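Welcome, and thanks for opening the viewer. Have your selection tool ready, and we will walk through the model stop by stop.

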Amino acid sequence: MMNENLFNHDLLDRHLAAFLADRSGLAEPGRGHFRTLVADLSAAMAGGHVCLPVTAAEAAMLDGSPMAGDGSRPTPLVVAGGRLYLHRYYRYERRLADQLLRLAGERHHADALEGLLDSGFPAAGAADRQRQAARLALTRSLVLVTGGPGTGKTYTVARVLALLLRLHGPGLRLALAAPTGKAAMRLSESIAAGTSGLDFAPELLAAVPAKASTLHRLLGVRPDSSQFRHDAGNPLPADVVVVDEASMIDLALMARLVDALGPGGRLILLGDRDQLASVESGAVLADCCQALTDNTVELDRSFRFDEGIGMFATLVNGRDADGAWDMLEAARPGNVSLLQDDFPVYAVARYREYMEAAVRVESDEGIRELFTLLGRFRVLCAVRQGAQGTMAVNAAIEHGLRQAGIAVGSGEAWYPGRPVMVTSNDYNLELFNGDVGICLPDRSAGGRGMVWFERPDGSLRSLLPGRLPQCETVYAMTVHKSQGSEFDEVLVVLPEHDSQVLSRELVYTAVTRARKAVRVAGRREIMAAAIGRTLSRNSGLSAMLAGGTGGGAV
């Protein structure tokens, strides 16, 4: 059993535990132990775990209750492989493992394979990892391509799609998706760049999708429902599905995606397994890469990533806290450094051009340029609460903008230029957690305040503020929320005190959001504590994929 002190049980945890314990059929002290396990499981799931490890004695105790089973019949709890699950999440994990194993075992013949690979990767040797990834994608139904920023994941898959079309003809149905709108836009741009220069028939290149969609849009949002239009009974109209930023996909969404693949469908997952796992339960990409090694290729050579940022990210990922801090202190190269100034003052200076442009916008093209300006800089915080959390930092930046004479209304919530991030899904509006919009006056409607969003296809849409789901100001955002996005420069703000939230994965994810520059505001001991801590999530998926029923932490 996990130590109860590891978990802070909230009201939901306690109520769920009490509800099931009252129906457990167990006498004390077994009932109390049962109650604690259920509360721990509920709290663990809120922290991203899929399940809770239990001892053999605890498993035997749970087996004596009608509230628990082995997954073969409907019970609220499932005990399998030394782990305790809520029934729904056990079924997600078991079903996903079965489907992935089926896909992983499927093979496809490709005529004249080497010549085909030569046409897509003419300068690559046989041992080149991009070529290896392409070989897998042409001959298998499931491929995982992992690697850090700039290693060519999307470039590789762009060429793979062109090769698949050459092999099977322009009638092959392709679909591109990513977890967020911003990531979908980036995937679209990368696919277009990756196919440029290929000496292929125009009709083949024209069959490569020009636009990617969000996963929710791909699966088909149903109004007033959390279910999707596409599932096992109504599969996706696609022969090959490519999904970028797969580390962001939680267990439930990945299970639904794989369920929706049609007969003979192929799946290509791209992502960086060293990044933070999904916000919701699971660490699916890491689990899959760990277990399905024959279907995984790791790209390890960066082609476009800034050398200084790449070096710093390597030190972080290698748990070299001293080396990482020394690099920050030395500020060599100059685009990776400690921030010596008051960080809200620094942030205000970086946002000045954006805010000044916001009051001058008069056209759709101006709005698109404003989104580009907003994407040049972002403050990334490890936490939400406290003086270094997003709530306080956003308030400090707004105050600083007012002090600098920039129009940020103290009594006006929806002022021109206010950047906001959606924090809950609204399937009817097709707005999802993490979508970023900008508040601007609609000059065609008498200057009424509207919030503008970029769609994955690059078009714009606007909504009245009152129609939006829950949202918050986003000059600063958490590192978790930054996944799937890139900025020219990031300012990473560490908290004053150590926290279990801090980890090597969090720092690595923050650093690799930057294209050109990284600044860090924080103390050496906090940075060292973060880099020295590796996050683990309890999951049975990796062991299920390896042929077992238990699980390990990743």
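Is Arg31 buried, partly exposed or exposed? Select Arg31 and show the surface: its relative accessibility is 27%, so Arg31 counts as partly exposed. Here buried means under 20% relative accessible area, exposed means over 50%, and partly exposed is in between (1.4 Å probe, protein chains only).

Before moving on, a note on what you are looking at. This is a predicted model, in which local features need pLDDT of at least 70 and side-chain atom pairs count only at pLDDT 80 or more, while totals for chains, interfaces and linings use all residues. Residues are numbered from 1 along each chain as its sequence is written, and side-chain values use heavy atoms, with hydrogens and water left out.

**Stop 1: around Arg31**

Arg31 sits in helix α2 (residues 30–46); helices (H or I, at least four residues) and strands (E, at least two) are DSSP runs, numbered from the N terminus. Now select Ala21, Asp22, Ser24 and Leu26: Arg31 touches these residues, leaving aside residues up to four places away in sequence. Contact here means heavy atoms within 4.5 Å. For a sense of scale, draw a distance from the C-alpha atom of Arg31 to that of Gly434, and you get 41 Å across 403 residues of chain.

Next, pick Pro29, in the loop between α1 (11–22) and α2. The peptide bond joining Glu28 and Pro29 is cis, with omega about 5°.

**Stop 2: the whole chain**

Zoom out and colour by secondary structure: the chain has 21 helices and 22 strands. Its radius of gyration is 24 Å, close to the 24 Å that the globule rule gives for 554 residues, so the chain is as compact as a globular protein of that length. That radius is taken over C-alpha atoms, and the rule is 2.2 Å times the number of residues to the power 0.38. The C-alpha atoms fill a box of roughly 70 × 60 × 55 Å along the principal axes. Of the 554 residues, 57% count as buried. Among contacts between residues at least 6 apart in sequence, 73% join residues at least 24 apart.

**Stop 3: the domains**

Colour three ranges: domain 1 (11–86), domain 2 (112–304) and domain 3 (307–532). These bounds come from an automatic or database domain assignment. The C-alpha centres of domain 2 and domain 3 lie 28 Å apart. At their contact, 33 residues of domain 2 meet 26 residues of domain 3.

**Stop 4: the nonpolar cores**

Select Leu96, Val241, Leu257 and Leu267. In the largest nonpolar core, which has 45 residues, these four touch the most other members. Domain 1 and domain 2 both give residues to this core, so it lies between them. A nonpolar core is a set of buried Ala, Val, Leu, Ile, Met, Phe, Trp, Tyr and Cys residues joined through side-chain atoms within 4.5 Å.

Centre on Leu257: beyond residues up to four places away in sequence, it touches Leu215, Leu218, Leu219, Leu236, Val241, Val243 and Leu267. A second, separate core has 39 residues, among them Phe121, Leu161, Leu174 and Ala184.

**Stop 5: helix α11**

Why call helix α11 (residues 251–259) largely enclosed by the rest of the structure? Eight of its nine residues are buried, so the rest of the structure largely encloses α11. Show α4 (87–105), α10 (215–219), β8 (240–243), β9 (266–271) and α12 (284–291), which are among the elements covering the buried residues of α11.

**Stop 6: cysteines**

How many disulfides does a search of the whole structure find? The search finds zero, a disulfide being a pair of cysteine sulfur atoms within 2.5 Å. For Cys51, the nearest cysteine sulfur is that of Cys288, 15 Å away. For Cys288, the nearest is that of Cys289, at 7.0 Å. Cys51 is buried, with a relative accessible area of 0%, and Cys288 also counts as buried, at 2%.

**Stop 7: backbone details**

Finish around α14 (321–330). Arg319, in the loop between α13 (307–317) and α14, has phi near 60°, a positive value in a residue other than glycine. Arg319 is partly exposed, at 47% relative accessibility.
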